[in-house]
Amino acid sequence: MAIFRREARELFKEIAICSCLALLLVESANAMAMVRGSVYCDRCVEGHRSVWGLPLDGAKVAVECKDSSGQILLTKEGTTNMLGLYSVEFDGSPEMEGCGVRALSSPSGSCNVAGVTSQPVSLSWKLFSMAFYTGNALSYKPSKPMSFCPGASNGKPEVSGAPMPLLQLSACPYYYWLKPEYRCYWRLLSPNTTISVFYGEAAAKKYGANITLWEGLQGGGDVQKVLLRESITASLNAFNSLKFYYNAIAVDVHFNEAINGTDNDAVKWGSTFRSANSGYGGKDKCLMKVCE
């Protein structure tokens with residue numbers, strides 16, 4: 001009996017060692033660090049982000065880590081999407097605290113004067129060997145405030161046929177965004193924009209590179225499809241209501257956290273965004289009006 005117990009203990013010990021090694025191998029295979037942030041055009045030369053700011057699509061940035069003497073130890077470039085958001089991914093688990101992000105170039109000929117061109121990055125969250133970092137917004141500006149800015153000669157904002165973002169809190173469920181009478185509220189975006197352009201490579205790998213925002217809004221049943229539907233809805237609400245519970249960058253960050261996490265993460269953020277999009281049970285209403 002003593003021999004049997006000893007052999008059993010040795011067997012359990014070997015199983016535990018193998019399990020730990022397997023876990024380490026899985027973590028090593030999935031090790032990554034991602035830096036996310038945004039670049040916008042400060043069209044009214046205010047020095048901070050406001051309703052007049054416009055995301056820059058195609059701006060180039062570089063994430064850099066330097067030693068105490070200023071020597072660059074690690075660097076990688078990225079490009080913003082239609083939301084003005086960039087995502088730079090590093091393989092392995094490099095320590096990014098103390099690193100920074102720098103604006104390299106503006107895609108706009110009328111908005112290319114340096115504004116805020118460098119920012120430090122900070123850790124948003126870390127799980128096992130995956131870490132997500134955020135850099136504060138970078139900006140460019142025109143040589144002088146544009147004509148529609150407050151205090152300019154005509155004093156009227158240029159809206160390109162779309163309503164200005166609502167100053168009140170407006171929360172609209174996904175099915176509102178599918179109605180043709182509210183199509184004018186799709187600002188900066190098209191229903192045919194792909195999620196790979198909107199949310200980045202991780203979303204393309206998860207859902208397919210060719211799926212559009214319009215198709216994503218019609219998803220349901222599966223937890224990952226619900227997550228996508230409610231995240232798209234939250235992004236649209238964020239662009240159309242300055243007081244919505246989450247801004248567009250926060251939605252993007254949490255969505256990418258969820259698709260790189262577990263099904264529980266997908267359930268958590270899908271449910272969280274669905275509650276926000278419904279105004280937390282109707283406490284806050286959808287204020288969109290029928291387009292003219």
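Q: Which cysteine is joined to Cys65 by a disulfide?
A: This is a predicted model, in which local features need pLDDT of at least 70, side-chain atom pairs count only at pLDDT 80 or more, and totals for chains, interfaces and linings use all residues. Residues are numbered from 1 along each chain as its sequence is written, and side-chain values use heavy atoms, with hydrogens and water left out. A disulfide here is a pair of cysteine sulfur atoms within 2.5 Å. At S to S 1.9 Å, the partner of Cys65 is Cys99.

Q: How many residues apart are Cys65 and Cys99?
A: Helices (H or I, at least four residues) and strands (E, at least two) are DSSP runs, numbered from the N terminus. Cys65 sits in strand 3 (residues 60-66). Cys99 sits in the loop between strand 5 (85-91) and strand 6 (100-105). The pair links distant parts of the chain, 34 residues apart.

Q: Is the disulfide of Cys65 and Cys99 right-handed or left-handed?
A: The torsion about the S-S bond is about 105 degrees. The disulfide of Cys65 and Cys99 is therefore right-handed.

Q: How many residues apart in sequence are the parts that Cys172 and Cys286 tie together?
A: A disulfide joins Cys172 to Cys286, S to S 2.0 Å. Cys172 lies in the loop between strand 10 (138-141) and helix 2, and Cys286 in the segment after helix 8 (279-282). So the pair ties together parts separated in sequence by 114 residues.

Q: Is Cys184 buried, partly exposed or exposed?
A: Buried means under 20% relative accessible area, exposed over 50%, partly exposed in between (1.4 Å probe, protein chains only). Cys184 has 22% relative accessibility, so Cys184 counts as partly exposed.

Q: What separates the C-alpha atoms of Gly220 and Glu230?
A: Gly220 lies in the loop between helix 4 and helix 5. Leaving out residues up to four places away in sequence, Gly220 touches Lys225, Val226 and Arg229 (contact means heavy atoms within 4.5 Å). Glu230 is ten residues from Gly220 along the chain, and their C-alpha atoms are separated by 9.6 Å.
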